[in-house]
Amino acid sequence: MRGDALSCQETRVKIYLKAGGLLKDKLHPDIDQYTRALKVTGSPTLAEILESIGIQPGLVAFAMVENRLCRLDYRPKDGEVLSLHPPVSGG
Amino acid sequence: MQYGFAGSVLRVDLTRGSIEKHPLSDELARNWLGARGIVARTLWEEVPLDADPLGPENRFVVATGVMTGHFVPAGSKCGFGAISPATNSHHDASMGGHFGPELKAAGYDYIVIQGISPKPVYLFIEDDQVELRPADTVWGLGSIDTEARLKNELGESFQIATIGPAGENQVHFACISHDFGRQAGRGGLGAVMGSKKLKAIAVRGTHAIPVKELDVLKEGTKAVIQRTKTHPNMAPWQRYGTSMFVGWANERGCYPTRNFQSSYFEGWEKVDGPVLKEELWVNDKACFGCWMNCGKYSRTTKEGRYDAFVEGPEYETTALCGGSCGIGDLRDVAYANYLCDNLGLDTISGGSTVAFAMECFQRGILTSADLDGREIQFGSIDDFEYLVRKIATREGIGALLADGTRQAAMKLGGDALKYAIQVKGLEHSGYESRSLPANLLGFMTADIGAHHNRSWAVTVDLELGRDNISGKAKHVVYLQHIRPLWDILSICRLFYGEIDVLLEDTTASLRAITGWDISEEEQLRIAERVFNLTRAIFLLRNGGPGRQHDIPSRRHWEDPVPTGPEAGKHLTREAIDLLLDEYYQARGWDGDGHPRREVLEDLGLADVADRLEAVGLLGKTMPWPVPSTRGEMMKPAAM
């Protein structure tokens, strides 16, 4: 009961996830070849959002929001576009 | 007409002081493609099995690839190779920048150098003018200083590949440097140059390289440029380069810390990519034909202590000279980077050897009596500088450490070998792998020792479960073909795996350049041919069974990770053997890790099978069949 009451008060926000490389096939883009729109309830972290759509958070090294780097504990805001970046070796 | 190639080969005998020009072999070009492939075939055919890596019989090979210098994404690479003093086997290292394209424009696909010069020299190449020149004025100078001096003397348009004091003193992890921060870093190829008294190669070229279908190539590359400019991964590469993965490696518990004692470095935020960008970054750098600009040119200063410019630090340097040495100030890491660059030391093995010494001191294996009275500590840039300067000059403790961690540990005895984090004499790249079995398997079985360039399988472990052992080997085999293929072709791997420029794109370019009807499968087969040949060279020079050479430090099964997200994790000795069992089966080798005749003949290496058989090192018949396809790509691709 308590959970239902809470969820009724929570807001729904729309975010956009973009990915290329090895993450693209897992993301299942639906807006363009890189981008998927998602509606999320409340204020989940990026890691929680990724898990909810079947992407292991470990496969995302970090995300960029409007040219700012953010990590998996970031809580996306309504309308934000997050590009997801896979880890790579080298350098 | 050999489309795609310059068409000529230089042969230099430093003992005799002779230089000869020969035509490029059609067979070599078609079946080995370039760089790593040409290095392997040359070493196989020309270097006696008992030749000293630092002796006159060893060959030092500088080889471009078929795609070097062309209008393709990041066709910048040049391969360097020789029998390595670190591993006593084939080694090849790939270097970006502008040297390879310049060499090809001068008219040469590759150079084979043998002998030992009576005096220090450098090789001067300006199109058809090729000569050995005295190097008295630069012998003893750092790599960065040498490059600056030669550019001042010869002109900015010359491209320089040089060694520093570490190479001159034949340190087993001395590198070759170029463009003030690009290196052919691993395997001690700088020591091979030093052993030959060859300080540098300076090259300038003005020739065009023939292309079969230039319009097709141009249109294809333009399309790739347009596609990649808007790719979501491009912006962070341009902004941060490889340094941005420090945070991820710590959050996943695979960042080498204090000589791989842990996989989590507390305070990693201070050495992460954004700090580099915000506090040290001066400008971006790009290699020939690349619009990614992933190189970060930096300035690091500490009042009264140092003020240096350096390219980097890249991820690997931050991992090995930073976390693994316990250094948590990015300014210090960048200074460590500068020290290694100018002394001419590989930052991976250099950082790892310093970390090994620090752990040996921590455990009482080394004492202050070995260290001029010092008490060296993890985290100290002063101790780092003390050690690398000693190593580069082979003075004091440096004489012990300059041969790498394996040889140093064998001389120290006791438990020291456990703290030498290496395979086959090459120190691990920057991923602590006690809970990354596929990645560790890649390090264990890499033909040149524990280098991420051959296989980086962290994402295989993440996808299939870090605790799982079985089922991963076939993916490692695939990675050991596709990743070295970029080196063989001589195009940058970083550009391809992450920005959705894939093998089908490069194949279209390759066909347009050469006019060959060449498939993706044939290219992977060439990569497999090279891998089996280099395995054979290793076995013939180091003896069997091969399995004994594929075992990592026993820390991987004896010591649980002490801290961080993977705390408590470690492998078992049985898991190590299971990984190898499955790997050898996936390759069609026998249980000792020796290639079988069926595999070698399938790859066109019957002569290699004959030589292995003659000394009892050919793979035996096993209960399992030879797979028709060796290696399997994960879907989606995990590079």
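**Exercise 1. The interface**

How many salt bridges are counted between chain B and chain A? Describe the contact surface around them as well.

Solution. 
Step 1. The model is predicted. Between chain B and chain A the count is 4 salt bridges.
Step 2. One of them pairs B:Asp272 with A:Arg71, whose closest N and O atoms are 3.3 Å apart. On the side of chain B that touches chain A, at least two residues each come from α8 (234-240), α9 (246-251), α11 (315-322), α18 (458-464) and α20 (493-498) of chain B. That side divides into 18 nonpolar, 8 polar and 12 charged residues.
Step 3. The contact involves 38 residues of chain B and 30 residues of chain A. Across this interface, 6 residue pairs are in polar contact, with both residues at pLDDT 80 or more.
Step 4. The size of an interface is often expressed as the accessible area lost when the parts come together. For chain B and chain A, about 2700 Å² is buried between them, and 59% of this is on carbon and sulfur atoms.

**Exercise 2. Placing salt bridges in the fold**

Solution. 
Step 1. Over all chains the count comes to 66 salt bridges. The pair that crosses between chains runs from B:Asp272, in the loop between α9 and α10 (273-280) of chain B, to A:Arg71, in the loop between β4 (68-70) and β5 (81-85) of chain A. Both B:Asp272 and A:Arg71 are buried.
Step 2. Within chain B, the side chains of B:Lys199 and B:Glu168 form a salt bridge with an N to O distance of 2.5 Å. B:Lys199 is in strand β12 (residues 198-204) and B:Glu168 is in helix α5 (residues 165-168), so the pair ties together parts of chain B that are 31 residues apart in sequence.
Step 3. Buried means under 20% relative accessible area. B:Lys199 has a relative accessible area of 0%, so B:Lys199 is buried. For B:Glu168 the value is 11%, so B:Glu168 is buried.
Step 4. B:Asp577 forms a salt bridge with B:Arg573, the closest N and O atoms being 3.2 Å apart. Both residues lie in helix α24 (residues 573-587) of chain B, 4 residues apart, which is about one turn of the helix. B:Asp577, at 24% relative accessibility, is partly exposed, and B:Arg573 is partly exposed at 30%.
Step 5. Salt bridges with shared partners also build one network from B:Glu359, B:Arg363, B:Asp415, B:Lys418, B:Arg554, B:Arg555, B:Glu558 and B:Asp559.

**Exercise 3. The surroundings of an aspartate**

Which side chains make polar contacts of 2.6 Å with the side chain of B:Asp92? Is B:Asp92 buried or exposed?

Solution. 
Step 1. B:Asp92 is part of strand β5 (residues 90-95) of chain B.
Step 2. One polar contact, of 2.6 Å, goes to the side chain of B:His90. A polar contact of 2.6 Å also joins B:Asp92 to the side chain of B:Arg454.
Step 3. The relative accessibility of B:Asp92 is 5%, so B:Asp92 counts as buried.
Step 4. Not counting residues up to four places away in sequence, B:Asp92 touches B:Arg36, B:Val39, B:Phe80, B:Gly81, B:Ile448 and B:Arg454.

**Exercise 4. Nonpolar cores**

Which residues touch the most other members of the largest nonpolar core?

Solution. 
Step 1. In soluble globular proteins, nonpolar side chains tend to be buried together.
Step 2. The largest nonpolar core has 227 residues, and those touching the most other members are A:Leu17, B:Phe60, B:Phe80, B:Phe99, B:Ile125 and B:Phe384.
Step 3. Leaving aside neighbours within four places in sequence, B:Phe384 is in contact with B:Cys321, B:Cys325, B:Ile327, B:Ala336, B:Leu339, B:Cys340, B:Gly351, B:Val354 and B:Met358.
Step 4. Another core, of 10 residues, lies apart from the largest one; B:Val138, B:Ile160, B:Ala200 and B:Ala202 are among its members.

**Exercise 5. Chain A**

In what order do the elements of chain A run from the N terminus?

Solution. 
Step 1. Chain A has 3 helices and 5 strands.
Step 2. From the N terminus on, their order is α-β-α-β-α-β-β-β.
Step 3. Of the 91 residues in chain A, 54% are buried.
Step 4. Among contacts in chain A with a separation of 6 or more, 52% are between residues 24 or more positions apart.

Terms used
Residues numbered from 1 in each chain as written. Chains lettered and ligands numbered in written order. Predicted model: local features only at pLDDT ≥ 70, side-chain atom pairs only at ≥ 80, totals over all residues. Heavy atoms only, no water. Contact = heavy atoms within 4.5 Å. Buried area = accessible area lost by both parts, 1.4 Å probe. Polar contact = N/O pair within 3.5 Å; in protein donor to acceptor, adjacent residues only side chain to side chain. Nonpolar A, V, L, I, M, F, W, Y, C, P; charged D, E, K, R; others polar. Core = buried A, V, L, I, M, F, W, Y, C linked by side-chain atoms within 4.5 Å. Buried < 20%, exposed > 50% of the residue type's maximum accessible area, 1.4 Å probe, protein only.
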